[in-house]
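Please keep the sequence and the model at hand while reading.

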Amino acid sequence: MEPLTWAEIIARMFWQFTPVWIALVVLFAVSAAFKRRLGLYGKLYDSPIGLIGFALVMFWVFTGIFGAMDLIITHDPLTQVSGMKNKVPGTPLAGAEAGDYPYYLLGGDNLARDVFSRMVDGAWVVVQIAPLATLFAFMVGITLGLPAGYYGGKLDTLLSFLANLILAFPVILLFYLLVTPEIVQTGVPNYMATVLFVFPLVFVGVLLNSRYYTQPSFRTPLLIGVLGLMAWIYLSLISEVGSKVYVLPGILDLFDIPGGILVVFVSVVFVNSPTVFRIVRGLAMDIKTRDYVAAAQTRGEGPWYIMLWEILPNARGPLIVDFCLRIGYTTILLGTLGFFGLGLPPESPDWGSTINEGRKLLSIYLHPALPPAFALLSMVLGLNLLADGLREESLKD
């Protein structure tokens, strides 16, 4: 078979992304039809910049999801095919058998793996880690930032000191220390996960208790059910066979998280939490002086009810914007860790590792490094544009 031309390569890649195009069309059609009922998300459709950013982000989200379902990738991202080392885009597959995709659409890397499939599979790594790690960081920051800003005093002084202590440490050096094998063997990341991952339980428990405090017959079974399920998920997340924290039998363990991914996840949460804490603290200090907070205090509402149901909803605009920006920041951090070979397994198809492998031969072969670099760039650009659009719309409220 003859190598593909660039027009044929683009057409074939466009076809491979068919599930993504369908998902985007359905998402935008349904959202546009009901945008007036969707709050801030619906208002995003009035912002061209935000809409472009949202489209870029959702493209890679759907790419990661459908890539993990093997609906997009053309070859196993880890499989090495003899004769395909550093082959240019559109090269026919050497020794192709029945059922094999006949081309390496974006060429082969220095280990004869398909660059296109690795780029697609790398999106799944980002989709798994970046949003969830950012969400956990927000849970930690909100749970600590609200009482610090609301109560002030010694509690605020202590928590602010701890946050500033972490922020004063160089981020990349902190990451390097947390993901090095020597530190991992001591179990420090596992112990950190045990502490950091408990904050979602605390947040949800306090949230539900403060909301339904006057309805004990409904509140108690609700808390037992929700917190019981979350506790099971929590134990499944922190428990790992052969690690320092092994508290759940294998038959009850819901997740089998590779040690490298857990370390990276914990590191991202730990680094992002102090910044979120400072933002939430500042917002709480400002909003607690508003009239509607004084009205809630006059009604006799408890402190946590005021923090979670009066202050937090009115701080949602800046927090949503920061959440989008922080996912982009986390994506860059994941790329940086992968580029330096820290945390994630060496064979991982994450974009940072793929860029690092490709840059070693960048003066000779451009194709292994450019696709993951473009993917990383477009993902972060989309998140920044989305944050800009959300900021514009939130200011109109």
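Is Asn86 buried or exposed? Asn86 is buried, because its relative accessible area is 9%, below the 20% cut-off. The model is a predicted one.

## Two residues with positive phi

Asn86 belongs to the loop between α4 and β1. Its phi is near 55 degrees, a positive value in a residue other than glycine.

Asp70 lies in the loop between α4 (48-68) and β1 (91-92). Asp70 is not a glycine either, yet has a positive phi of about 60 degrees. With a relative accessible area of 53%, Asp70 is exposed, whereas Asn86 is buried.

Phe197 sits in the loop that joins α9 (188-196) to α10 (199-211). Its relative accessibility is 2%, so Phe197 counts as buried.

Apart from neighbours within four places in sequence, Phe197 is in contact with Phe136, Tyr234, Leu237, Ile238, Leu262, Phe265 and Val266. Leu342 is 145 residues from Phe197 in sequence, and the C-alpha atoms of the two are 22 Å apart.

## Glu393 in α17

Glu393 is placed in helix α17 (residues 370-395). This residue is buried, at a relative accessible area of 3%. Setting aside neighbours within four places in sequence, the contacts of Glu393 are Leu40, Lys43, Leu44, Asp46 and Ser47.

Arg359 is 34 residues from Glu393 along the chain, and 40 Å separates their C-alpha atoms. Arg359 is also one of the α16 residues in the contact with α15, described next.

## Packing of α15 with α16

Helix α15 (residues 316-339) packs against helix α16 (residues 351-359) at an angle of about 45 degrees, and their axes are 6 Å apart. The two helices are therefore oblique to each other. The crossing of α15 past α16 is right-handed.

On the α15 side, the contact is made by Gly335, Gly338 and Phe339; α16 supplies Gly352, Ser353, Ile355, Asn356 and Arg359. By class, these residues are two nonpolar, five polar and one charged.

## Packing of α15 with α5

Helix α15 also meets helix α5 (residues 115-151): the axes come within 9 Å and cross at roughly 130 degrees. That angle makes α5 oblique to α15. This crossing, too, is right-handed.

The α5 residues involved are Val126, Ile129, Ala130, Pro131, Thr134, Leu135 and Phe138. They meet Leu319, Asp322, Phe323, Arg326, Ile327, Thr330, Thr331 and Leu334 of α15. The residues of this contact divide into 10 nonpolar, three polar and two charged.

## The chain as a whole

The secondary structure consists of 17 helices and two strands. Among the contacts with a separation of 6 or more, 71% join residues 24 or more positions apart. Of the 397 residues, 49% count as buried.

The C-alpha atoms fill a box of roughly 80 × 50 × 40 Å along the principal axes. The radius of gyration is 24 Å, which agrees with the value near 21 Å that a compact globule of 397 residues would have.

Definitions and conventions:
Residues are numbered from 1 along each chain as its sequence is written. This is a predicted model: local features need pLDDT of at least 70, side-chain atom pairs count only at pLDDT 80 or more; totals for chains, interfaces and linings use all residues. Side-chain values use heavy atoms; hydrogens and water are left out. Axes are lines fitted to C-alpha atoms, for helices over the stretch in contact, and angles run from 0 to 180 degrees between N-to-C directions. Helices (H or I, at least four residues) and strands (E, at least two) are DSSP runs, numbered from the N terminus. Angles under 35 degrees count as roughly parallel, over 145 as roughly antiparallel, 65 to 115 as roughly perpendicular and the rest as oblique. A crossing is left-handed if the near helix is turned anticlockwise from the far one by less than a right angle, and right-handed if clockwise. Contact means heavy atoms within 4.5 Å. Ala, Val, Leu, Ile, Met, Phe, Trp, Tyr, Cys and Pro count as nonpolar, Asp, Glu, Lys and Arg as charged, and the others, Gly among them, as polar. The radius of gyration is taken over C-alpha atoms; the globule rule is 2.2 Å times the number of residues to the power 0.38. Buried means under 20% relative accessible area, exposed over 50%, partly exposed in between (1.4 Å probe, protein chains only).
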